[in-house]
Amino acid sequence: MIIKGKQNRYLRSQAQTMKPLVQVGRDGISDNLLKQIQQLLNKNELIKVSLLQNTMVSADQLIEALNEQDGGIALIQTIGSKVVLYKKSSKIKNRKYSLELEKI
């Protein structure tokens, strides 16, 4: 998914006050973790993921694993151990951010 500069800026501003919904810990990337992230993305479109100190997973590895299962997930921002992800929801009632992105 290609996101333009102004769209990326809008998503970063929306994610600034969010709390991480998912934490990646010592177990690393598992099927359950990937399913959970995909479900949250379908429901919320924009989520923040926290990579804990004891994990050996980088943000790039997480994105790669997610895109292998289901493409279309965009990395919006990485700050330290926090990762912001976006994916357009398949359900119309859950589309909050994608409607705003179309206006930009």
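1. Helix α2, covering residues 31-44, packs against helix α3, residues 59-69, at an angle of about 75°, and their axes are 11 Å apart. The model under discussion is a predicted one. Angles from 65 to 115 degrees count as roughly perpendicular, and α2 and α3 are therefore described as roughly perpendicular to each other.

2. Which residues form this contact between α2 and α3? From α2 come Asp31, Leu34, Ile37 and Gln38, and these meet Leu62, Ala65, Leu66 and Gln69 of α3. Sorted by class, the contact consists of five nonpolar, two polar and one charged residues.

3. Within α3, the buried residues are Ala59, Leu62, Ile63, Ala65 and Leu66. Viewed down the axis of α3, these buried residues lie within an arc of 165°, so they line one face of the helix. The face of α3 turned away from this buried side carries Asp60, Glu64 and Glu68, which are exposed.

4. What covers the buried residues of α3? The cover includes helix α2 together with the strands β2 (46-51), β3 (74-79) and β4 (82-86). Leu62, Ala65 and Leu66 of α3, which are in contact with α2, are among the buried residues of the helix.

5. A separate point concerns Asn94, which is located in the loop between β4 and α4 (97-103). A polar atom of the Asn94 side chain lies 3.3 Å from the backbone oxygen of Asn42. When neighbours within four places in sequence are left aside, Asn94 is in contact with Asn42, Lys43, Glu45 and Ser89.

Note on methods: Residues numbered from 1 in each chain as written. Predicted model: local features only at pLDDT ≥ 70, side-chain atom pairs only at ≥ 80, totals over all residues. Heavy atoms only, no water. Axes fitted to C-alpha atoms, helices over the stretch in contact; angles between N-to-C directions. Helix = DSSP H or I, 4+ residues; strand = E, 2+ residues; numbered from the N terminus. Parallel < 35°, antiparallel > 145°, perpendicular 65-115°, else oblique. Contact = heavy atoms within 4.5 Å. Nonpolar A, V, L, I, M, F, W, Y, C, P; charged D, E, K, R; others polar. Buried < 20%, exposed > 50% of the residue type's maximum accessible area, 1.4 Å probe, protein only. Arc of directions from axis to C-beta. Polar contact = N/O pair within 3.5 Å; in protein donor to acceptor, adjacent residues only side chain to side chain.
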